[in-house]
Each structure stands twice: as C-alpha cells, then as structure tokens.
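This report describes how two chains are packed and joined in one model. Please consult the sequence and the structure below while reading.

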Amino acid sequence: MYIIDRRLNPGGKSLANRQRFLRRAKAQIQRAVRQTAGDRDITDLDRGGEVSIPADGVREPSFRRSGEGGVHDHILPGNKRFVEGDTIDRPPGGAGSGSSGGDSGEGEDDFRFALTRDEFLDLFLDDLELPDLAKRRVATVETQGMRRAGYTVTGSPVNLALLRSMRNALSRRIALRRPKPQELLRLQEEIDRLEERGGESGRLAALREELDRLKHRTRRFPYIDPIDLRYRRFEPVSRPVAQAVMFCLMDVSGSMTEHMKDLAKRFYMLLYIFLTRRYKHVEIVFIRHTHEAKEVDEETFFNSPETGGTVVSSALREMQRIVGERYSPDSWNIYAAQASDGDNSPNDGTTSAALLRDVILPICQYYAYLEVGSDSDRMQTGFINHKTSLWQTYESLIEHGANLAMRKVNHRREIYPVFRELFRRRDAEAIARVP
Amino acid sequence: MSAIEQDNLIFHGADWDFGTIQRVYDAVEAIAVGELGLDVYPNQIEVITAEQMLDAYASIGMPLFYKHWSFGKHFALHESSYRQGLMGLAYEIVINSNPCISYIMEENTATMQTLVIAHAAFGHNHFFKNNYLFKEWTDADGILDYLEFAKGYVTRCEERYGHAAVERVLDAAHAMMSHGVHRYPRKKRPDLRSEERREQERHRHQEQTFNDLWRTVPTKGTAAKPQLSEERRRALLELPQENILYFLEKSAPRLQPWQREILRIVRQIAQYFYPQRQTKVMNEGCATYCHYRIMTRLHEKGQISDGAFLEFLQSHTNVTRQPEFDDPHYGGINPYALGFGMMQDIERICTRPTDEDREWFPAIAGSGDAMAVLRDVWANYRDESFISQYLSPHLIRQWRMFHLVDDPDRPELMVEAIHDERGYRRLRRSLSRHYDVGWSDPDIQVIDVDLAGDRRLILHHHVLNRTMLHKDDAQRVLQMVANLWGYAVVLKEVDPATGAIFQEHVAHPHETLF
C-alpha cells in the first residue's frame, strides 16, 4: 500500500475546462456581467462576483425520455395504509407524479456561478482598446528574468549539464587513450591462460608488464574528471515594462455639486481599472482646481470642499509642471481626464485652448473631457442645445483637428456607455462603418 | 487494564498523520483479507484537499481527463454550491484501476479515514476486482494509461484543428454517450498484428503459387456487379446497431480520421463507466456492508474507542437512511440503504433463516457462511439480477414497499402491489426492472441507411410505455448526429408492438463540421 500526499500538488486542474466554459458561454456571460455592473456600485466593480446565465446556452442534451405522457411506475417505501387496488388522486401539478418521476436532466432555471475578479474585469472591459498605442514607450526596468546562456565550468550541482559533461569525459578518455575495461579483461584472461599452461615466460612477462602499464594508465586518467564538468549557465535579463500615468483634473469650485463629483469619480475609477489592465505600472496624479490648481491626494481630491472662481488653464499649467518634473513623455504614457461642469472664467478661454493645443495634447496619449451635469439637466439638453463655455472652447479645438474626446454625462448610468464609447476598439468601429 | 486498552487503540482523538493511516490500513487489512476473505487490487491512498476534490468531481472522479467545457461548467456549479454551503463533499472517491486509487480528504477525522479506507480501499476495491461486469468491460490495468493517451490526443487535435472543431465533435459524442456502449460482448476481432501476419501469409502464398500463364486465360468479361440483397447490405454495416457512436465511428462517410478517433475515445470511456451504472446498488451495498463489518470488528477487538465507534455509527446511519415516500426528503430509493439492507438480509438468511426464507432461498438459507454467499453474489450479479434474485419478503415487509402505477388514461394513480403474499414477486420484478439500464435508457437503434442512394440515416426509438423522448433534447442530439453523419438523419418513434410511428424527427447537417 502506498500513501501519497497530493495536497501540495498545484491546484486549478480544471482551469483549462473553466476557460473553455467561459469562452463557450461568452456572449451570455458578458450580458450578465454588464447587467451586474449596472446594478453594482462602481467602487465594487473591481471584484469578482456571482452571475447567472440562462441554462439553455450551456445545456448538454441527450436522448432521454420526457417526464410527461406514458405510463410510469414507481416502487416506493413506507406504505402505511394502502392495499392492492387502491387508487390515489393525482397530486396537483399534472402527470409527472411521484418523486422519481422528475426527469434527471437539469432544470430550466438559470445557471448561477461565481466569476473571479480577473474574469469579471476581462469580460467587463473586453473589446475596449486604448486609443493610439503607437507611442508606447519602454522605460524603467521592473522585472528581472533569467535566460539560458550556454555552459560554464562552475556552478551548483542542480545545474549540472549531465549530457555535456559525459560527452566531455568521453572525448577526453578517447584522446588520452584511457584503456577500455574490455581490453584489460582480455589481457588478464590471456595471462591466466598462459599461467595455466606454464612456460613461455617471456611472453607472459611482457603481457604482465603491459597489463601493469594499462592499469597504471587507467588510474592516472579517471573515468570522469572535474575538468569535464559543465554547468548550465543562466544570465539575468531585464524585461522592459510599459508604464502609464493618469492625470485626473477636476474643477472643485462651488458650482460642482456632490452629484457631479460622484459622476467624475466613477469615470476616473473606470479609467483606472482599464489602465491597470493594460499597463503593468500605472500612477495617478490628482489635480484639482478653482482659480488656482494644486496636486492633492485622492481623499482631498474627492472630498474636501473648496471655494473660488474657475480658471481651467491653472490646472493645465500644473499638469505641465508635473509632467516636466516627474513624467517625461519619453518614458511615460500620459493619459488625462478632465471633469468639469463646464464653467470657465470668460477671459481664460483662449489661454486654456492655446495651452491645451500647444503643450498638453502633444504629450498626451489621450485626453478626455467629461462634462458632468446635474440629474435634472437631462431634459434641457434634449431640447435646447445649451453649450457651456468650456464645451465651446474645446469644440473649436476639435474643429481644428485636435485629438480630444469629449462627452457629456448627466446620470451615473450613462457613465459606462460613455466610457465604452470612448474606448471602443477602433477596428470594431471601422467594421461598423463599412456598410 | 486501562493501559492495555490504551495500547490496543490504533488512534486517539480525531487527529491523524501518515503513521496513523498506515496503522489503520494494516488493522483494516487484517480484518478485510484475513476474516472477510476479500480479494483486492493493491491499494494506493492519496490525501487531497477540498479544492482538489472539487477538481476531481468535475472530471467524473478520474485523476486525469481531456479538457472540455462541460467539465468546467460542472466545476463552477459544484464550487458555487459548495461555497454557499449547500453541498458537502464526498469523503472519498475511488477509481477502478490497478493499483486501486482512493482519494481521501484531509479534513476527515481519524475515524472517518478508517471508515473511508474500509469502504473504498477494501469494499469498492473488492467489487471492482471481482464483479463479472467490471471484469468483462473494464481494463483496470490500462485505464489510466488510456486516459493519458486520450488527454494527449485531444490536446494535439486542438492544436492542429482548433478548439472549436474539436469541441463540436466532443459535444456531439458526449450527447450520445448513453448510446455509445456495447451491451453485449461481441465476437473478438483480430488485432492489427495478427491481421498483418495473415496479410503476409496470403502474400507469400500468392508469390509461391504465381503462374504467369493464368494471365493469358481468356475470361468471361466482367460480370455486372450483383445487387446486394437488403439483408446482406445491412449485415455488412452491422445493422441494426444500438451503439450509435460505434456506428458513426465506423461508418460515417465524411468524418476525418481524428474525428473518428475522438468518437472512439468517448465511446471507450462510456464503456468503462457502463458497469458502474448497472451496479450502483451492489457496489455501494458491498462497500457499506464491508465497512460496517470491519468497523464493528475493529471495535470488538478494542482497536477503536467507543467514541470513534459512535462517530462512525452516526455517519453510517446518515448514509443508509431511507426516507419514506411521503417524507419531504424523499428522493428515490437510496442505493446505499437498499444495498446494505439486502446484504444484511442475506447474512440473516444464511445464519438465522426462517421457514419463509427456506422456501424462498433454499440454496443459501442456513448455509452458515454468509461471506461465501456474499462473495459469490458480488462476483456474479448486477443490480437488476441481484434484486430479482435476492430481494426477500422479509425486506419488502420491513421497508413496506408498494408499487404505484401512473397511467395517464386513468383518472387516478393505482396501487398495483403491496407487501403481501400476492405482491412480493410482482414488487420484486418491477423494482429489479427499474435497475435494468436496458429498460431505463430509451432503446434507440440505427435501423438502416442507403449508402448507394441519398445516404439518409434512419434511427428508430422503440417506445416503451408510450413515453416519448424529450422533444427539444432529441432534436438537438439528432442535429449533432446529422452533423457527424454528414447527411440527413431521421428518428422515428415506433411502437414495438404494432409498428405504428408516433413521431418523427428530422435533422439536416450543418456544413460547419467539415
């Protein structure tokens, strides 16, 4: 009998099966994920969760009898009062009476199961793509990997290259004419034979001398020598890692309500999750501004109130300064998302536009402007084409060919569609355009 | 005195280590082989975690298996209900292989490990090694190697032909798995090597008897090919054929060789599991009876403590509980309970027979050696024959069984038989039929195909008790049959008595498979 401890064996043996299952039901799961995401708080998005899909799509059919129609018979234990020939009213619910009457297949209910965080996000962000990846830089080295690089004469025993060592030993033995065991054996046998017969002492002596010489030689040239040993050599290689920085710019002047900040936060959240899926290393810089701009931490960014006027160019200048100091465009992918209610001081428009066009946009991979409105705005925008001052400024930039994305959002359920629209995979768009 | 008792125990408390397992195994083996006379494959006991148990569940308990999405689905299902606490895991899984592999969970207490070893490593193991169905249909020595081959083959096919193509074939094969077994042993076909040898001998003979003169003899001119008779044509295709997978593998005109091989793999695996489906009651009954005897004996010999024995009894009674039909927990007849009940009943008949037993079971009543009778039963019966032979009036009374018939033509359900003189035999016959897979699986056969004509494949479902196939499922499976066959397929649901056709399903192939 053997006892084998399998507990330390790597788990996840059915991972490949699971992936096949997810791939199979992808469309349905994706729909379920979107639905779940709609119900869920965006801060919770970064978490796996249970989804349920219609069982029909993953059904495994087989030839089986239907539960309805035909004669069924049952053998049941626990008879208390029946005698032969008794009749019993059918239980309500139709023909398939008795407990064993139910068919052995799965029910028609939904199929519920849990997705891990990664699977959830993959499906959630699937078919989104970063715009314009051409500029991706390689920069700071983050990982050190090992790579096979030939052989070496020193090393640890685990790295011993057995085949190579034995081959060296073999060639050395041949080169130095180390006697083969068969040779010695043959010689010995001949000596033995001569000794038995007696006489012919001259030949015998010569043979003995020869044997001694060969034995001596065998001792001098060992079967394997430290000089033969070779070890596998590994050398460290550095793997470049793409990195990105994400600038969050937000107007925090008095006109921005909690609702608007919430919308902005949700958008940043999605952007962050998205970027972390694409880049190994993502940094975030929060810049808030009123009439002057400041880099702050996340807590302050979203929560602490501030009063003052609104000068957008101040934030752009602050961003320019930080980029200059810490994030050289040569080695960083720069993303910026600006959220505002659209107010700007009247004389700042041209300054902002010029700054954006000449300085910010050229260094950015992507610049998104998100105009957040209050919940009640929605009706208005439908009828009257009301444009805020900032919207007008940016619109004119786009007309002049600036690479800038802008959207307006009033309700938090619009966040995700807007986000999807901004990052939709380009080739999908191209295909869609072809009639 | 207490010190001596202490020394005799093979473990204390609930904790165990590998030394404990070894002691337990030796103690259990001494009883199982020495006293009960069980004959087992060598054992291999593997300790696994709950996670690994879930993994094993997903691949039908086998340690290695090819990859398919349906296993992932089952894994997700089990995992989700396990995490929510809806489902406990089995204490063990045992594999019919040589050596016999038993998985035991690390969470089990020492008592449970003893129980599991007695149950799986000896009870099931003995059954696997000795039952005629397993001997006939399964190759315990080769199964793991075969699965290894199957896994590798499917993987290579996926690399070569793409996941989607392989998946389509596997889906179709899985759907027909229940109709992919041979129910009776067939004539042994010569294997490749002997074929080759025969071919060489024939060739040599031709060379030796070669005479060029024969070439010059005038012939009558090629005669028109004789029309094959209907009978002959069907015989050549081995029709009618109830093993649909086998038929498709051998005769489907448009399948690639690798597709045939995959059908073959699924068919072989279905065949390997075929005995298990027919011996559920006996297999579990055998294992349960063995563990009960072994644990009781361990307790008698003072090798396990009273506490451990009570823990065992609690778990044992849970397993062998049979709720009555009006109990909300009733979910059909519990194979553990029925199997264990019948084995115990046989023991009673052998050792303490009543007059009734002498009348019903003259061959074994009062024979005294219950183990010899049981070993014979375990070797030579399957559920259906076992029940129709050995279900005693005593047990029928004890369970208070009755037979209920649900005929849609009658307004009410009818009690056909109860536990009385008139009912015993009828009850026994009906119950045994429930365990006959030939009766419980729909009888579907390939009847005919006109290979020279439109190649339409004709299947018949011989309808039993007027119960049709599940329509939606039947249509889906038929679609898969058509995809494999490559031409139209028709499935007729036929009344075997009158030959009347109740229903017809037709499917035309999608071109995607090729």
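In this predicted model, B:Val28 touches B:Thr114, B:Ile117, B:Ala118, B:Phe122 and B:Ile294, leaving aside residues up to four places away in sequence. B:Val28 also belongs to the largest nonpolar core, which has 161 residues. Together with B:Ile262, B:Cys290, B:Ile346 and B:Val481, B:Val28 is among the residues that touch the most other members of that core. The most residues in this core, 11, come from helix α5 of chain B, which runs over residues 110-130. A second core, separate and made of 57 residues, includes A:Phe247, A:Ile287, A:Ala353 and A:Val372. As a general background, nonpolar side chains tend to be buried together in soluble globular proteins.

Which residues of α2(B) are buried? They are B:Ile21, B:Val24, B:Tyr25, B:Ala27, B:Val28, B:Ile31 and B:Ala32. The cover over the buried residues includes β1 (2-5) of chain A, as well as β1, α5 and α14 (280-300) of chain B. The helix α2(B) contains 18 residues and spans 25 Å from its first C-alpha to its last, close to the 26 Å expected at 1.5 Å a residue. Just after α2(B), B:Gly37 adopts a positive phi of about 70 degrees.

B:Val40 is found in the loop that lies between α2 (18-35) and β1 (43-48) of chain B. Is B:Val40 buried or exposed? B:Val40 is buried, because 20 other C-beta atoms lie within 10 Å, and 20 or more is the cut-off for a buried residue. When residues up to four places away in sequence are not counted, B:Val40 touches B:Cys100, B:Phe122, B:Asn125, B:His126 and B:Lys129. Between B:Val40 and B:Ala417 there are 377 residues of sequence separation and 41 Å in space, C-alpha to C-alpha.

**Domains of chain B**

The domain assignment divides chain B as follows.

| Domain of chain B | Residues |
|---|---|
| Domain 1 | 2-131 + 279-311 |
| Domain 2 | 320-438 |
| Domain 3 | 442-513 |

The centres of domain 2 and domain 3 of chain B, taken over C-alpha atoms, are separated by 37 Å.

Chain A has 435 residues, of which 27% count as buried. Its secondary structure consists of 14 helices and 13 strands. Among the contacts in chain A with a separation of 6 or more, 82% join residues 24 or more positions apart.

**A sheet built from both chains**

Strand β3(A) pairs with strand β4 (residues 402-406) of chain B in the antiparallel sense, over five bridges. Within this pairing, A:His72 stands opposite B:Asp406, and A:Ile75 has B:His403 as its bridge partner. These strands belong to an open sheet of four strands, with antiparallel pairing and the order β3(A)-β4(B)-β5(B)-β4(A). Because β3 and β4 of chain A stand at the edges with a single partner strand each, one side of each is left without a neighbour in the sheet.

How values were computed: Residues are numbered from 1 along each chain as its sequence is written. Chains are lettered from A and ligands numbered from 1 in the order in which they are written. This is a predicted model: local features need pLDDT of at least 70, side-chain atom pairs count only at pLDDT 80 or more; totals for chains, interfaces and linings use all residues. A nonpolar core is a set of buried Ala, Val, Leu, Ile, Met, Phe, Trp, Tyr and Cys residues joined through C-beta atoms within 7 Å. A residue is buried if 20 or more other C-beta atoms lie within 10 Å of its own, exposed if 12 or fewer, and partly exposed in between; C-beta atoms are placed from the backbone. Helices (H or I, at least four residues) and strands (E, at least two) are DSSP runs, numbered from the N terminus. Two residues are in contact if their C-beta atoms, placed from the backbone, lie within 7 Å. Domain bounds come from an automatic or database domain assignment. The expected span of a helix is 1.5 Å times one less than its number of residues. Two strands pair if DSSP finds at least two bridges between them.
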